[in-house]
Amino acid sequence: MSTVKVALHGDAILTSPQFNKGTAFTEQERRDFGLTGRLPWRINSLEEQCARAYDQLQSRETDIRKNSFLQSLKDQNWVLYYALISSHLQELTPIIYTPTEAEAIANYSHLFRRSEGLYITYPEEDSMEESFLEQTRGRNIDLIVCSDAEAILGIGDQGVGGIGISSAKSAIYTLIGGIDPSKAIAVTIDVGTDNKGLLEDPLYVGWPNRRVRGEDYDRFVDKFVQLVRKYFPHSLLHFEDFGVTNAYTLLERYRTTHAVFNDDIQGTGAVTLSCVMAAIGVTKTKLIDQRIIVYGAGSAGLGIAKQLRDAMVTADGISTEEANTKFWLVDKHGLITHSLPDVREQLKEFAKDIDGFAEQEVGLLDVVKQIKPTVLIGCSTHAGGFTEDVIKSMAENCDRPIILPLSNPSKLVEVHPHDANEWTNGKALLATGSPFPPAKMPSGKDYVIAECNNALIYPGLGFGAMLSQSRAVSDTMIIAGAQRLASLSPALKDPDDALLPDFGDAPKVNFEVAVAVAERAIEEGVAGVDWKKEEVREKAKAKLWEPVYPNYEFDAAGEKGVHAGYKI
Ligand SMILES: NC(=O)c1ccc[n+]([C@@H]2O[C@H](COP(=O)([O-])OP(=O)(O)OC[C@H]3O[C@@H](n4cnc5c(N)ncnc54)[C@H](O)[C@@H]3O)[C@@H](O)[C@H]2O)c1
Ligand SMILES: O=C(O)C[C@H](O)C(=O)O
Ligand SMILES: [Mn+2]
């Protein structure tokens, strides 16, 4: 067990979630840190504490109450929080992440108890650097997860509540990617909100102002990015749930100067590529043979289309232009065609001209009938958008339709996977963005609905980039990670099994992804480490953070009140 020197005494260590052990402080530690009279007599093991916390959790009847309980536990004791969730990963991930976190975020100002992370607020621009340094003091940050909350999951603009998605994504990095939580920070960029309900709510805790846009927004965000680059040049900067325009602009603006990563674009693109690769392993076809409809052409939709397109070019050796012809993007005004007004610049390469249709809005069903897709992907936030007609029409022309309704949270799914299974007589190859229980095949066998959520890959992609101290997160690093994930698909062994590995195996799977990504970074010469490829696996193992208590030694000489601990 490692030993850590800590300069906190008495209440200061008990109220530090990073160092607190509660009843698990040893006799020696209780004496050294002035805790004897502050704790009851019995010394518990971490396992005993987990069992007690699990019991307490079970007494909370709803998922949102469970979410609040776990949030409080995180505020009190990181090791216990992560140990508890790790030992019930499949059961508790949906409580701290999608779908329950969506409800927690939507009610952030009402559920508010204690702040966490870093709040970068527009009217406080002049003191941004001071706040940044204050919140990161004594810490060597590897990972920054930030959101401006304009497009949280499928529930839109959530203002300051966006801290909830940054901190949930950061917690997933720790649980699944093995990132040390003291080296990660969750950030909300509060530039106001256009959510009327929040603006009118007297209890709203964010900056009650319309969203700042344009040059002022760009300058403000740039100031933050430059602080990240100045103080933590090797960190990974993860963007989450920005509105689609800013999502693309920021990614393009910074990707050549810092390791930035947009999860909704790149993480979703990668996990969906893995899922489609696994599915075509079942149908014994090639990527190039697919006709793909992407329903919802926002951050995720365009990210998915580009990722699959680039993989077609790389794997099947066709040109980008030819690969573009295999995709039909459908948004709320129907098929993206050349004649549709106001088509976003980035979508134009996928725009179509369908004879007889080009002048009007072409709905999803018409597109399905006309082009006979083999793959149908939903990232539209349109609950029920894949109607019975759409699904049945697709199944008429395709033996094993690949249907991926990916919108989150669960209530926004484009089609309930059980319906899609039934309407296709069990032929559909299915995966969803949030967890769903298994469907029944006509044979009576369970069909496990894979969770095609970016959490199955982004912690590994990020860990691989951090591990190799990569200067960039390149497209080829992402493809290497996606290929590794696809190779672990259960459906490759049994075609009736899930398209992607079980979420309970996410830590093992992401470790493999991280190794593949770091190996690729070294091959490409963008890594900041000078290891041989063969060394990567051992280096990665050594870097994994695990939720166990180290021994503490009191550091009398340390700066009082500073949350600093270091290994000796
Ligand atoms: N499974 C995953 O890993 C994953 C990852 C990212 C996003 N998502 C989900 O995908 C959805 C979209 O996320 P995003 O970040 O791309 O949001 P976004 O706001 O950038 O994009 C949504 C797009 O859907 C379009 N749309 C809205 N209503 C529509 C309709 N009726 N028909 C067709 N298109 C419609 C919008 O115009 C927009 O272009 C969300 O529900 C989100 O939770 C899932
Ligand atoms: O957060 C998730 O569950 C996945 C994704 O990033 C989303 O925005 O829905
Ligand atoms: Mn997201």
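**Binding-site residues and ligand shells in a predicted model**

Asp 241 sits in the loop between strand 5 and helix 13; helices (H or I, at least four residues) and strands (E, at least two) are DSSP runs, numbered from the N terminus. The model is a predicted one, in which local features need pLDDT of at least 70 and side-chain atom pairs count only at pLDDT 80 or more, while totals for chains, interfaces and linings use all residues. Residues are numbered from 1 along each chain as its sequence is written, with chains lettered from A and ligands numbered from 1 in the order in which they are written.

Asp 241 is buried, since 26 C-beta neighbours lie inside 10 Å (buried is 20 or more other C-beta atoms within 10 Å, exposed is 12 or fewer, partly exposed in between, with C-beta atoms placed from the backbone). Beyond four places in sequence, the contacts of Asp 241 include Ser 147, Leu 153 and Asp 264 (contact puts the two C-beta atoms, placed from the backbone, within 7 Å). The loop between strand 5 (236-239) and helix 13 (244-254) also holds Glu 240. Glu 240 is buried too, with 28 other C-beta atoms within 10 Å, and touches, among others, Lys 169, Asp 263 and Asp 264.

What does the record say here? An unreviewed UniProt entry puts the feature "binding site" at Glu 240, Asp 241 and Asp 264; such annotations may be inferred rather than shown by experiment. These residues are spread over 25 residues of sequence, yet they cluster in space, with a largest C-alpha distance of 6.7 Å.

Turning to the ligands, the residues around ligand 2 include Asp 241, Asp 263, Asp 264 and Asn 408 (a residue counts if its C-beta atom, placed from the backbone, lies within 6 Å). By class, this shell around ligand 2 has one nonpolar, five polar and three charged residues. Ala, Val, Leu, Ile, Met, Phe, Trp, Tyr, Cys and Pro count as nonpolar, Asp, Glu, Lys and Arg as charged, and the others, Gly among them, as polar.

Ligand 1 has 30 residues around it, of which Gly 154, Gly 298, Ala 300, Asn 408 and Gly 433 come nearest. Helix 14 (263-283), helix 15 (299-316) and strand 8 (327-331) are the elements giving two or more residues to that shell.

As for the chain overall, there are 23 helices and 17 strands. Of its 568 residues, 48% count as buried, and the C-alpha trace spans about 80 × 55 × 50 Å along its principal axes.
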